[in-house]
Amino acid sequence: MPPLEPTDRRELYEHFQHVIEGTYDQLLEEQRLNYKQNMLKSFLVETNIEPTTLEEQFEHVTVGEVDYSLFEVLIDTSSDEDEEEILSFYLDSQDERFWTFYSIEKSRPAKDAMEDLIMAERSGLDYLWFPAQLQRYFTKLGEFQGAGINYDAEDVFSEEYIDEHLPFGELSIQSSGQGTSWLLDALSDADLKRFLSLSSVKIRREMEEGVVIERIDNNGRITTRGGDDIQAHLSFVEIIRDLYADLIRGIEEEGRIGYPIREIEAEEDERHSSGQSIEGTPIVINLANSVENLKEFADSITSATKPLRLWGVGTWIADDYYKVRGTDLHNNDSFTLEIKRDWIRLYLPDDACGNTALRIFSNIQRYYDAEASFGERSDPSNSKVGLTAQ
Amino acid sequence: MTYYLSPHTVQMNAWIGLCQLDDRFPDTLAKLGYTVDIIEPGFTIKGDYIQPDLILTAHRRNHSLLLDFKSYHLKDHQNERYETAVRNPDQLVLRGAVQGVPPEELSADFSYSSFGDLADIHDLSEFAFTTVQFEAHVGDSNLRIEIVGSEGFGEPDLDDAFPIEVPHGKDIPTDYYPFDAEDEDHTQFCIYMLNAAIQLAGEYGSDPFNVDELLAESHKLWGSMSEEKKKELRSWGEDFLDKYNKKGLDEHLRKVQKDNQPAWFRKSSSFQALRNKADEFIADLEEELAQKKLGEF
């Protein structure tokens with residue numbers, strides 16, 4: 001395959017077209033890929049910075065403009081491993097808030113390099129955090145072909161907490177082909193369903209432009225496992241992005257709390273002359289898995305570690321009512337959680353990023369309670385995808 | 001339900017909560033159209049200064065409810081002033097305390113709100129306003145909010161909405177108004193200040209910030225608080241920062257001078273380490289305070 005040195009979008013997409021076709025043909029014929037012939041991966045990333053600031057923020061990153069809102073981003077990973085390696089990504093920043101990084105590098109190094117960028121302190125970048133309800137919606141966008149289930153309580157909770165309160169520390173299932181739907185249905189009927197958190201779904205989608213087989217991970221990574229047209233992949237990425245953007249907008253419109261200021265007519269002897277009101281409502285997350293130990297649960301999810309990267313300090317506000325006031329280390333937004341055995345109330349300030357809500361929600365689903373749902377009042381009304389219990 | 005918060009803070013949050021759409025708290029007043037109009041406004045009517053804790057307004061009803069949270073002691077001159085306000089509702093609009101209603105169309109009610117039965121202690125019969133009492137564990141409910149005494153609200157639908165029962169499985173929100181300058185709220189105060197320190201340190205980098213900036217970040221209503229309350233909280237804030245330094249949290253924040261006043265800026269340290277120290281800080285504080293729990297109310 002020729003080296004990738006595109007001078008504009010068209011050349012980049014032509015190259016991706018070859019990648020998709022090659023991968024597709026090879027998968028069909030040999031059911032495997034040649035060495036160094038990697039699949040096209042698109043990483044959707046939420047951001048509040050400019051592409052060029054990546055270079056200022058990260059010493060090991062170089063950014064060069066290729067075309068209108070298209071950048072080549074080179075990430076030097078030599079500090080991570082002994083061998084020197086520079087990974088190349090193409091950043092499409094047409095949508096200022098939701099970027100797409102494309103890459104045909106090997107899956108693991110590309111994924112790790114993105115994680116290093118996103119998880120850096122106050123990077124201004126965040127993953128997309130797909131709740132289970134959104135992932136289930138993705139399966140309806142095409143012919144459902146496979147699913148991955150990952151329940152990784154070990155990443156968040158201590159060994160003692162898992163021993164005492166949870167049935168698994170880790171649970172992983174991969175399935176593809178016709179039996180996947182049957183398997184998911186069977187598992188969903190069992191008590192296990194509270195621990196079956198979808199980590200990826202695979203679908204085959206026919207679009208006007210052509211066919212693509214896509215694997216969608218729960219953090220915004222979309223891998224093209226085959227297909228015949230790059231435009232079909234680009235359209236699909238756009239659909240996923242728009243669905244997510246609608247959810248975020250809904251949360252930001254309806255799930256944040258503001259304190260507008262109002263002046264009061266002053267007289268000479270008045271002691272103060274302004275007042276404030278309150279607008280907005282907190283988000284309620286209902287839990288199917290009752291929390292046995294409120295303090296340990298709260299401490300675990302606000303310990304400042306990956307994946308949640310939330311810092312917080314908690315106290316009891318009543319005998320069975322725990323509260324944490326915290327800071328989101330991704331973007332420095334404040335948040336408050338009130339936790340009871342069966343629900344959580346989440347308060348976000350009026351300038352907070354809606355992504356914080358989905359990070360907390362989707363991680364609770366993945367690491368604690370796959371059936372966690374938004375309360376009816378908290379469900380974003382403008383979104384095609386509901387986050388309430390199904 | 002016994003809350004480890006001051007009666008003022010619990011009542012403030014409960015009344016605000018009743019005006020919001022929250023799955024886990026009754027939305028009784030929101031359904032009637034009431035919204036939080038203004039919190040702790042101070043204004044003058046007919047030459048007298050009044051400062052209710054909260055005004056709720058239902059714009060489609062052209063009606064406002066002024067609330068004052070009390071424990072036991074009432075001052076007669078306050079009663080007279082609140083009565084003047086209720087009798088001259090247009091003045092509420094003309095002074096800017098109520099917004100979005102033509103002055104001549106507004107009607108108003110005033111109520112004391114309390115954990116105890118104020119009507120039992122004070123004879124309010126000569127005044128045309130009511131008292132509302134909060135009571136825990138009544139019948140099947142977690143909390144009951146009811147009118148006590150013989151007076152009711154002038155707005156019939158509002159009157160009919162009481163008593164309001166908070167069933168088990170629901171609970172008051174506590175973040176709208178996180179703390180007041182009352183001893184029972186001291187732990188909450190420190191927790192909000194700890195987080196404000198983390199946030200401002202991140203936001204300001206090496207630019208120092210002072211205690212007022214920490215307070216403004218901790219309490220979103222800081223800007224409109226009375227000077228009296230500000231003074232009290234400012235003194236808590238200075239005390240907090242001294243303790244913060246003594247407990248070793250100064251590994252994260254360094255004290256400097258800014259405009260001849262003490263100020264702080266962030267030093268590097270891991271958030272996990274800071275988190276452990278912050279937990280110790282709160283645990284020590286709670287021990288020191290021998291945290292006062294409210295009696296059953």
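**Fold and chain contacts of chain A in a predicted model**

In chain A, residues 24 or more positions apart account for 59% of the contacts with a separation of 6 or more. The model described here is predicted, and the values given below are computed from it. The secondary structure of chain A comprises 9 helices and 19 strands, and 61% of its 390 residues count as buried.

Among the strands of chain A, six form an open sheet with antiparallel pairing, in which the order is β15-β16-β17-β18-β14-β19. The edges of this sheet are formed by β15 (310–318) and β19 (373–374), each of which pairs on one side only. Within the sheet, β14 (residues 283–286) and β18 (residues 343–347) of chain A are paired in the antiparallel sense through 4 bridges, and Asn286(A) has Trp343(A) in β18(A) as its bridge partner.

The contact between the two chains involves 58 residues of chain A and 66 residues of chain B. About 5,300 Å² is buried between chain A and chain B, and carbon and sulfur atoms give 48% of this area. Across the interface, 32 residue pairs are in polar contact, and 5 salt bridges are counted between the chains. One of the salt bridges is formed by Arg325(A) and Asp175(B), whose closest N and O atoms are 4.0 Å apart. On the side of chain A that touches chain B, at least two residues each are supplied by β12 (261–263), β13 (274–276), β14, β15, β16 (321–328), β17 (334–339) and β18. The largest share of that side, 8 residues, comes from β15(A).

Glu338(A) is located in strand β17 of chain A and has contacts in both chains. Because its relative accessibility is 0%, Glu338(A) counts as buried. The side chain of Glu338(A) makes a polar contact of 3.1 Å with the side chain of Tyr321(A), and another polar contact, of 2.8 Å, joins the side chains of Glu338(A) and Arg345(A). When residues up to four places away in sequence are not counted, the residues touched by Glu338(A) include Ile317(A), Tyr322(A), Lys323(A), Trp343(A) and Tyr347(A), together with Ile172(B), Pro173(B), Thr174(B) and Asp175(B) of the partner chain.

Helix α8 (residues 294–301) of chain A is mostly covered, with 6 of its 8 residues buried. The buried residues of α8(A) are Leu294(A), Phe297(A), Ala298(A), Asp299(A), Ser300(A) and Ile301(A). Their cover includes α5 (159–165), β15, β16, β17 and β18 of chain A, as well as α10 (271–289) of chain B. The N-terminal end of α8(A) is capped by Asn293(A), a side-chain oxygen of which lies 3.3 Å from the backbone nitrogen of Lys295(A).

Asp228(A) lies in the loop between β11 (221–227) and α7 (230–254) of chain A. With a relative accessibility of 36%, Asp228(A) counts as partly exposed. The side chain of Asp228(A) reaches the backbone nitrogen of Val211(A) at 2.8 Å. Apart from its neighbours within four places in sequence, Asp228(A) is in contact with Gln17(A), Ile20(A), Glu21(A), Gly210(A) and Val211(A). Asp228(A) and Val212(A) are 16 residues apart in sequence, with a distance of 6.6 Å between their C-alpha atoms.

Notes: Residues numbered from 1 in each chain as written. Chains lettered and ligands numbered in written order. Predicted model: local features only at pLDDT ≥ 70, side-chain atom pairs only at ≥ 80, totals over all residues. Heavy atoms only, no water. Pairing = 2+ DSSP bridges. Buried < 20%, exposed > 50% of the residue type's maximum accessible area, 1.4 Å probe, protein only. Contact = heavy atoms within 4.5 Å. Buried area = accessible area lost by both parts, 1.4 Å probe. Salt bridge = Lys/Arg side-chain N within 4 Å of Asp/Glu carboxyl O. Polar contact = N/O pair within 3.5 Å; in protein donor to acceptor, adjacent residues only side chain to side chain.
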